[in-house]
Amino acid sequence: MSVAITKVEQPRWYAFEVTVTREAREAVEYGLIEAGSSGTETGTTNGPLILITGYFDRLPDTERVRNELFEALRIYDLPNSSVREINLREVEDRDWLAEWKKDWQPVQVGRFIIAPPWLETVPPASAGGSSEAPIVIHINPGMAFGTGTHETTRLCLKAIEKYFRGGSFLDVGTGTGILTIATAKRFPEARVEACDIDPEAIAIAKENARSNNVGDQINFRVGSVDNETPSADLVCANLTAPVIVELLPLLLGVSCGRLILSGILDSQIEMVQSLLLELGAADLEFNSDGEWFSIVV
Ligand code: SAH
């Protein structure tokens, strides 16, 4: 007699382990997500090196991950030698995704609370601090850049809260769409537009806007700013310093009120500031969070 054993298919994960210097932590986490990782985990060690694991739901292309890591290091102004060791292994018998989801907590920025979609009710305690009702935004943290946990996104949300009073808003490099969703929820009458050169980001942003019930309010398109872009009362560009520098004349041209620039490292602030002055933008406000700066023009 033979017994048929049905093997239950376990979800299979691949762990891409990168040993790096401490200062490269954020760059490597970012690079792994850009390479398609569903999420990262950072181990704690006492020495100068740390282990960062990026989890992938399918076998990642090592060359691609490597390229994304080096690209991320370049953006963060760090040497390639920050990455000391790379190792790929299969993860068995572990519901990594469930464990990872358990650890996610909502992030509060002013009146906005950014929560993962599986946290349907946000604990009232996290809504404290402000007399106004909190505005909850649901974003899947694994999806793309812009999950609310990053300093550069938080700087933008704070500036939007401070300066936007309705009218029109343009988000250049929308990622998950987080900034437009926040603006549309806060100002249901506002005209909200967003662009991103990455078609995948636009698809995700549209889906996020729909699931946050502001899908009809936001106009998303694949692309960037150009001479045809209609101007807006508030323009937000959370990009990287080299891209900001390249787009600066266009960004200033499309802002008829204020312009928020974010994604600038402290080592890059002077370069952006001197170009702003050269272009005649004199009234500048600087804000920082960790090593990250934003400039409101
Ligand atoms: N606005 C989001 C995401 C910022 S990440 C937040 O604040 O969290 C930056 C995004 O800009 C990425 O999605 C990237 O695809 C996009 N991007 C990069 N260069 C761009 C350009 N020249 N024009 C428009 N979008 C760009």
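Student: How many helices and strands does the secondary structure of the protein chain come to?

Tutor: The chain comes to eight helices and 14 strands, where helices (H or I, at least four residues) and strands (E, at least two) are DSSP runs numbered from the N terminus. Please keep in mind that this is a predicted model, in which local features need pLDDT of at least 70, side-chain atom pairs count only at pLDDT 80 or more, and totals for chains, interfaces and linings use all residues. Residues are numbered from 1 along each chain as its sequence is written, and side-chain values use heavy atoms, with hydrogens and water left out.

Student: What makes T21 buried?

Tutor: Buried means under 20% relative accessible area, exposed over 50%, and partly exposed in between (1.4 Å probe, protein chains only). T21 has a relative accessible area of 10%, so T21 is buried. T21 lies in strand 1 (residues 13-21) and touches P48, L49, I50, S82 and R84, leaving aside residues up to four places away in sequence; a contact means heavy atoms within 4.5 Å.

Student: Why is C195 called buried, and why is C256 called exposed?

Tutor: C195 has 0% relative accessibility, so C195 counts as buried. C256 has 53%, so C256 counts as exposed.

Student: How many disulfides are there?

Tutor: The count comes to zero disulfides, by the rule that a disulfide is a pair of cysteine sulfur atoms within 2.5 Å.

Student: Why is helix 7 called roughly parallel to helix 8?

Tutor: The axes of helix 7 (residues 241-254) and helix 8 (residues 269-278) cross at roughly 20° and come within 10 Å. Angles under 35 degrees count as roughly parallel, over 145 as roughly antiparallel, 65 to 115 as roughly perpendicular and the rest as oblique. Therefore helix 7 is roughly parallel to helix 8.

Student: Which residues make the contact?

Tutor: Helix 7 contributes A241, I244, V245, L248 and L252, while helix 8 contributes M271, V272, L275 and L276.

Student: Which residues touch the most other members of the largest nonpolar core?

Tutor: They are F169, L179, I218 and I260, in a core of 33 residues. A nonpolar core is a set of buried Ala, Val, Leu, Ile, Met, Phe, Trp, Tyr and Cys residues joined through side-chain atoms within 4.5 Å. A second, separate core of 25 residues includes A232, A237, A241 and I269.

Key:
Axes fitted to C-alpha atoms, helices over the stretch in contact; angles between N-to-C directions.
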